[in-house]
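Thanks for coming. I will go through one model today, starting with a helix and its sheet and ending with salt bridges.

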Amino acid sequence: MLTDGGKTRRTKIAVIGGGAAGLMACGAAYDASGGSADITLFERNEKTGKKLYITGKGRCNVTNDCAPSEFLKNVVGNPKFLFGAINRFSPSDTAELLEKYGTPVKVERGNRVFPVSDHASDVIRALSAYARRGCAVRLGERVRELSAAKEGFLLKTDGGVFEADKVVIATGGITYPTTGSDGDGYAFAKSLGHNIIPPCPALVPLILEEDVSALEGLALKNVRASLSVGGKHFDRFGEMLFTADGASGPIILTLSSLAARYGCSGARLSIDLKPALDRETLDARILSDFGKFSNRLLRNSLGELLPASLIPYIIGYASLPADKPVHSVTAAERERLLRALKGLEFTVRSADGPAHAVVTSGGVDVKEIDPKTMESKLIGGLYFAGEVIDVDALTGGFNIQIALSTGYVAGLSAGGAND
């Protein structure tokens, strides 16, 4: 409650963005205010949680079942900033909240948490129920401009001008722009004097300079991919796949996220197709296969070593004579094959665009946000939550949990929990 000329009046809180962070902020603000605040959510789309609908292929990997300390190890951008938020609203708190609002969850491989129903809509329904208890939701109403007034803020929307005492910006980043995340929040923050760390797509496929169209759709398991850029070197073991113009899959997305802040353009991507074998062991394996298939041509002798669709590419990459009998392959040629298997190299032209990225790297500078409250250090009564902040994590439910945790803290603070 605020005073106005000696009279008390209800605090007016505006939340911009109806995704995971915005919905959490609304619900937490209601709890913190004890119902004494007027909370209004502005969502430019025709429904809330539009981006959540498409996460996890429609199943919504909503969080990761791990302790906060382990959670923070999976945060790429500014993990220390999130320490308080993740401990204040943890993955177990998320599971408890969803259960309370009729959406039980289950844990799958990699501690990934999904709704038991496998329907993202149930997660959205639960979060919406939590938010709508004491919140007016304005769907299809985009906030066009946010400015600081003498007291509070003015929001120019598609419906007119709205006055607010406190504002939570939860507009998302630049990924999946068709869901409404097109950078509005950065513009609002910048207009109010905040520094924006240049946003770029993370957890995104890589576009390669080399022509890999012949490998499109090829999935590789148990390989090690390494990415070198800007003097930094990152590597991951696991699964990947080739696309029409590059590479994707779990380990590639992870590498793109780790390297996002250094720029992926010009990076060198190296694939060890046989990481379990050292060079000597692999050479012995090649010699064994050559002995077994001594009367075959080289192109017909690698089937026990490589997927069929990869064999022509490897032969060409290593400049080997495809139609040469393996018993005539020289030691120098075998060495070129060995180098290709242990270090298939590519040059990265760029990371794919925001439309294909899972999350945004960059955003409102965390140095200008109080990590205990999510309130701006520059302007009192202004809060940030979710992807609009310069924080991002790896795949596995971590990014949605960040949105929920920061949204929760921002909402509690805006609702008066820290007054």
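A definition to begin with: the expected span of a helix is 1.5 Å times one less than its number of residues. Helices (H or I, at least four residues) and strands (E, at least two) are DSSP runs, numbered from the N terminus.

Now the ground rules. This is a predicted model, in which local features need pLDDT of at least 70 and side-chain atom pairs count only at pLDDT 80 or more, while totals for chains, interfaces and linings use all residues. Residues are numbered from 1 along each chain as its sequence is written, and side-chain values use heavy atoms, with hydrogens and water left out.

Take helix α11, residues 398-414. With 17 residues, α11 reaches 24 Å from its first C-alpha to its last, close to the 24 Å expected. Of the 17 residues in α11, 17 are buried; buried means under 20% relative accessible area, exposed over 50%, and partly exposed in between, with a 1.4 Å probe and protein chains only. After α11 comes Gly-416, with a positive phi near 105°.

What does α11 lie across? The answer is β3 (11-16), β13 (166-169) and β22, and α11 runs at about 165° to β22. Contact here means heavy atoms within 4.5 Å. Axes are lines fitted to C-alpha atoms, for helices over the stretch in contact, and angles run from 0 to 180 degrees between N-to-C directions.

Those strands belong to an open sheet of five, in the order β9-β4-β3-β13-β22, with parallel pairing. Two strands pair if DSSP finds at least two bridges between them. β9 (135-139) and β22 (382-384) are at the edges with a single partner strand each, so one side of each has no neighbour in the sheet. From one strand to the next, the twist averages 20°. Between β4 (residues 37-43) and β9 there are five bridges, and Thr-40 has Ala-136 in β9 as its bridge partner.

Now the salt bridges: a side-chain nitrogen of Lys or Arg within 4 Å of a carboxyl oxygen of Asp or Glu. The structure holds 29. In one of them, Asp-184 and Arg-142 have their closest N and O atoms 3.0 Å apart. Asp-184 is in helix α6 (residues 184-191) and Arg-142 in the loop between β9 and β10 (143-148), so the pair ties together parts 42 residues apart in sequence. Asp-184 is buried, at 17% relative accessible area.
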